[in-house]
Amino acid sequence: MNHPDSTDSAAARLRQLNQYFREHPVTGPLEGHSPQAAAPAPLSLATLDHVTASINEVIKHTRSANPSAGRAPTRADAIYDWARQHTEHAPEAVQQRTAAIEYRQYLEHAIRAGDWRKVIRPQRCPECRTFGLMWQADTQRALCTNTRCVDRDGFSTTVTLARLAHQHVTAQKKLRQSRAT
Ligand SMILES: [Zn+2]
């Protein structure tokens, strides 16, 4: 039996956000101001900005790793397959970076969709290795709720999504290596 979350991925999440944007379209021009334009829907615009920024980050990384990558796919959610395909012969560090960007964006897309519990709770804190991270929207970081996990000044550990993504990708790599030997 397939795990119900086996289809949960950066691509699936991006597809959902894109879908959301299409179902809640912004009327009027996307850039600049026009007196005729109806009041924009802030959530939709923010979601569109998020989708665009995510795609641009993947394209920029892929092209700098492989200048002959060519045109990016027009379907937003095909961007991750495209990035992986065009960096598969790149040095290991570049492939790791591709994977880390994809995983961080998966976390970002899920958080934007209001699903932080689903994606942040299963992560261990990189400092104390326990579970109990909570998402803090104001700092855009995950906060460790282990009361003993504090810095020298007594402040709770906070973790960026980039660090969680790096931790995830490194663990996946170790897992692959242990299976290969
Ligand atoms: Zn901790």
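1. The secondary structure of this predicted model comprises six helices and three strands. Helices (H or I, at least four residues) and strands (E, at least two) are taken as DSSP runs and numbered from the N terminus. Along the sequence the elements follow the pattern α-α-α-α-α-β-β-β-α. Residues are numbered from 1 along each chain as its sequence is written. Because the model is predicted, local features need pLDDT of at least 70 and side-chain atom pairs count only at pLDDT 80 or more, whereas totals for chains, interfaces and linings use all residues.

2. On confidence, pLDDT is the predictor's confidence in each residue, from 0 to 100. Its mean over the chain is 87, and 86% of the residues reach 70 or more. Over residues 28–40, however, pLDDT stays under 50, and the model has ten contacts beyond four places in sequence for this stretch. Two residues are in contact if their C-beta atoms, placed from the backbone, lie within 7 Å. Where pLDDT is low, the predicted coordinates should not be read in detail.

3. Buried residues make up 23% of the 181 residues in the chain. A residue is buried if 20 or more other C-beta atoms lie within 10 Å of its own, exposed if 12 or fewer, and partly exposed in between, with C-beta atoms placed from the backbone. Among contacts with a separation of 6 or more, 45% join residues 24 or more positions apart.

4. The largest nonpolar core has 30 residues, of which Leu-14, Val-51, Tyr-80, Ala-100, Tyr-103, Leu-107 and Ala-165 touch the most other members. Such a core is a set of buried Ala, Val, Leu, Ile, Met, Phe, Trp, Tyr and Cys residues joined through C-beta atoms within 7 Å. Two or more residues come from each of helix 1 (10–23), helix 2 (42–65), helix 3 (79–87), helix 4 (92–112), helix 5 (116–120), strand 2 and helix 6 (161–180). Helix 4 provides the largest share of this core, eight residues. The core lies between domain 1 (10–25 + 40–114) and domain 2 (116–181), because both give residues to it. The domain bounds come from an automatic or database domain assignment.

5. Two neighbouring positions in the sequence deserve a comment. Tyr-80, leaving aside its neighbours within four places in sequence, is in contact with Ala-10, Ala-11, Val-58 and Glu-102. Asp-81 has its place in helix 3 and counts as partly exposed because it has 13 C-beta neighbours inside 10 Å. Asp-81 and Glu-102 are 21 residues apart along the chain, and their C-alpha atoms are separated by 9.8 Å.

6. Helix 4 has 21 residues and reaches 30 Å from its first C-alpha to its last, close to the 30 Å expected at 1.5 Å a residue. The expected span is 1.5 Å times one less than the number of residues. Just after helix 4, Gly-114 takes a positive phi of about 85°.

7. The three strands form an open sheet in the order 1-2-3, with antiparallel pairing. Its edge strands are strand 1 (133–136) and strand 3 (158–159), each of which pairs on one side only. Two strands pair if DSSP finds at least two bridges between them. Strand 1 is joined to strand 2 by four bridges, and the bridge partner of Trp-135 in strand 2 is Ala-142. Strand 2 (residues 141–144) pairs with strand 3 over two bridges, with Leu-143 opposite Thr-158.

8. In a regular strand the side chains alternate between the two faces of the sheet. Strand 2 has a covered face, Ala-142 and Cys-144, and an uncovered one, Arg-141 and Leu-143.

9. Arg-129 lies in the loop between helix 5 and strand 1 and counts as exposed, because it has 9 C-beta neighbours inside 10 Å. Gln-140 belongs to the hairpin of strand 1 and strand 2, which has four residues between the strands. With 12 C-beta neighbours inside 10 Å, Gln-140 also counts as exposed.
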